[in-house]
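Subject: A structure for you to look at

Hi,

Please open it first and keep it beside you while you read.

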Amino acid sequence: MYTDFKGNKVYFSTGGINLVNDKETLCFVHGAGQNHYSFTQQIRYFVSQGYNVVAPDFPGHGFSEGNQTTSIEEDMLWLSELLAFLKIEKATFIGHSQGCLTILELAEKKPELVRGLVFVAGAMSIPVNDFLIDTSIDNPEKAYDLMVTWGQDNYGSFSISDWPGHNHLAEGNAVMKMNDSSVLTTDLKSCNLYDNGKQAASKIKINCLAVLAKFDMMTPLKKGLQMVENIKQCDYKILECGHFLPIEKPKELNALIKNYLNTLK
Amino acid sequence: MSEKYKFDTMSLHSGHVPDKETGSRAVPIYQTTSYVFKDTDEAAALYNMEIGGHLYTRISNPTIATLEQRLASLDGGVSCVACSSGMAAMHLVVTAICSSGDHIVASNKMYGANINLLQHTMTRFGIETAFVNPNNLEEIEKAIMPNTKLVFGEVIGNPGLNVMNVPEVAKICKKKNVPLAIDATFNTPYLMKPISYGANIVIHSLTKWIGGHGIAIGGAIINGGNFDWGNKEKFPTISGSHFALNGISFWEEFGPSALTAKIRAEGMYNFGPSLSPNNAFYILQGIETLSLRMKKHIENTKMILEFLKENEAVSWLRHPDLHDHPDHKIAKKILPLGSGSIIVFGIKGGRDAGKAFIENVKLSSHLANVGDAKTLLIHPGSTTHSHLSSEAMKMSGLTDDMIRLSVGLEDIEDIKIDFEKGFKAAAKISSKRS
């Protein structure tokens, strides 16, 4: 669904359905260099489960236009303003990778917006090595290849998919190519700069869920577990897959989110 | 293109890990029409294409999905739909994108059935096609109209063996915002991956080299995921509202895989050209040795070209790897490993001599197929293209004396001996005439 927001055309997926006032809202927040397609197998599933779903493409990502946000703090502000614009007062936020940093920041700065938090393949900080940042500047397509390849375990690398006929590696690459070519660099730098995750995590007072990937090479499992330790009440599950968990293990992730949402009722 | 493993490894492993329940190393044949739902939630989610999985084999099947995922990974596509034949694949692509009033630009040197589909069948449904010389870039560009929704060609034309300049045609299509669909049957992804040269859709007849053993008919559509379908006015079937699934836009919900989602949700549902799981299994066995076979096909082709070049009974000889082929330069560029294993040649003495040749070879089989492990021959003018008018045949580069040879994997010395018998019989006809 498209809207004019802050002078730009902005896209947010609702699963093709209009938002309904009296339904609970789930807000899916994508990671670095990604867009709403990260959650293709979550968005429409949860719409059918009776939720409003909002999965925005951040500025410059996917179908959204506008100048890219350049820090996690800006990501958080943009997202909270978008939700206000859409008249959404409270939501459960599901973040993937960089999206986890955004929702951590949101939980600290705008707790009144947060009903629940699900961290998918996340951590309190996501330092990015210089090689990947430099490659994203010099040769964005090479950087996409590296991220997509690192992001999958053998299961995904051999195009094993519950989704008939899908090749995750090429699909991940194609999703990243939909964004402006400077998007990935800016996102990676935002991740690299963010240092408020530990404090934000320590202030969360609600029960959260973390779904972590055993073979995650982008946000290693041990960093995800450190985040879990720093949040007062955070259940966690570890799935046998790589960083692009929503694509590699969609059914398992959906079941975990569904169970978590039931605990919030 | 993101690839963690090399071609040979993907040929063996993509799309499959040992079965969790049984440990089966080979891909199991799921010979079933349908699948028991875990609960009503899952059933609804599958019907609504919210999650991956299988509900009915007309739409998808685990054995077929393994084949699809293997093909997608070998061709560098984002997704694939396998179907009952190469012609079904072409039909699915056309009907997924085009509606009455739309227009297609297609090569005039394609396989006869491809031409028939566009020239005679699709026109009955209001879809018109402009046929163009696939090697004339200017003609292709000029033929693209505001209502053109698809440009279609073959990497290696059948049976004329012209080689389409895929990278340059892809540039034109990108400039004009029209998807380029390429039939890559004659090259297979081992010799050339059209998506890496800018094509958007790849079509294969799996019956040929990919299956490779002449035992199973099948087709596939590989989606490059590299085309922007976002123009709702131009591509309403992909980016507009779908009649089912709560009226979703495939482009908004499935993005790079929008085309294959559309094909599965509409083409496989409503037309039903599904591949059988058994055939998917047979084709998978073929793919496991694709690179080995293609190497040998190419090696044998080189040797038989040398043999035919020297043979006095041969009046003319055509293959893109020959220096005198008009498309040799582009063939060297986009098909560096070899331009496939089809050779066409003429026999001195015309139609009757050609007939005598075909009737006197024993090891080589006279039949209507290509890409088998065995050497195959046919006389297109009296068989595969007999339904085309003389003018249409000429446009496809056909002549009465033309033999199409699909070079197999036999010991090439045996094939040469076999051909000598055929040439001897042809020479008798030829000498009677002179």
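Below are some notes on what was found in it.

First, the ground rules. This is a predicted model, where local features need pLDDT of at least 70 and side-chain atom pairs count only at pLDDT 80 or more, while totals for chains, interfaces and linings use all residues. Residues are numbered from 1 along each chain as its sequence is written, chains are lettered from A and ligands numbered from 1 in the order in which they are written, and side-chain values use heavy atoms, with hydrogens and water left out.

**Where chain A meets chain B**

Chain A brings 44 residues to the contact and chain B brings 45 residues (contact means heavy atoms within 4.5 Å). The two chains bury about 3,500 Å² between them, with carbon and sulfur atoms giving 53% of that area. Buried area here is the accessible area, taken with a 1.4 Å probe, that two parts lose on being put together, summed over both. Of the area that chain A buries against chain B, 22% comes from R44(A), F158(A) and P164(A), more than from any other three residues.

How many salt bridges are there between chain A and chain B? The count is one, and the side chains that form a salt bridge are those of K258(A) and D41(B), at 2.3 Å from N to O. The rule asks for a side-chain nitrogen of Lys or Arg within 4 Å of a carboxyl oxygen of Asp or Glu. There are also 20 residue pairs in polar contact between the chains, both residues at pLDDT 80 or more. A polar contact is a pair of N or O atoms within 3.5 Å; within protein, one must be able to donate a hydrogen and the other to accept it, and residues adjacent in sequence count only if both atoms are side-chain atoms.

Several elements of chain A supply at least two residues each to the side that touches chain B, including β2 (8–13), α1 (40–48) and α12 (250–264). The most come from α7(A), with six residues. Helices (H or I, at least four residues) and strands (E, at least two) are DSSP runs, numbered from the N terminus.

The domain assignment, automatic or from a database, gives chain B a domain 1 (7–286) and a domain 2 (290–433).

Helix α5(B) has G112(B), N114(B), I115(B), L117(B) and L118(B) as its buried residues; buried means under 20% relative accessible area, exposed over 50%, and partly exposed in between (1.4 Å probe, protein chains only). Among the elements covering them are α4 (86–97) and β3 (128–132) of chain B.

F271(B) is found in helix α11 (residues 258–271) of chain B. Because its relative accessibility is 44%, F271(B) counts as partly exposed. Leaving out residues up to four places away in sequence, F271(B) touches H91(B), L92(B), T95(B) and E266(B).

Enjoy exploring!
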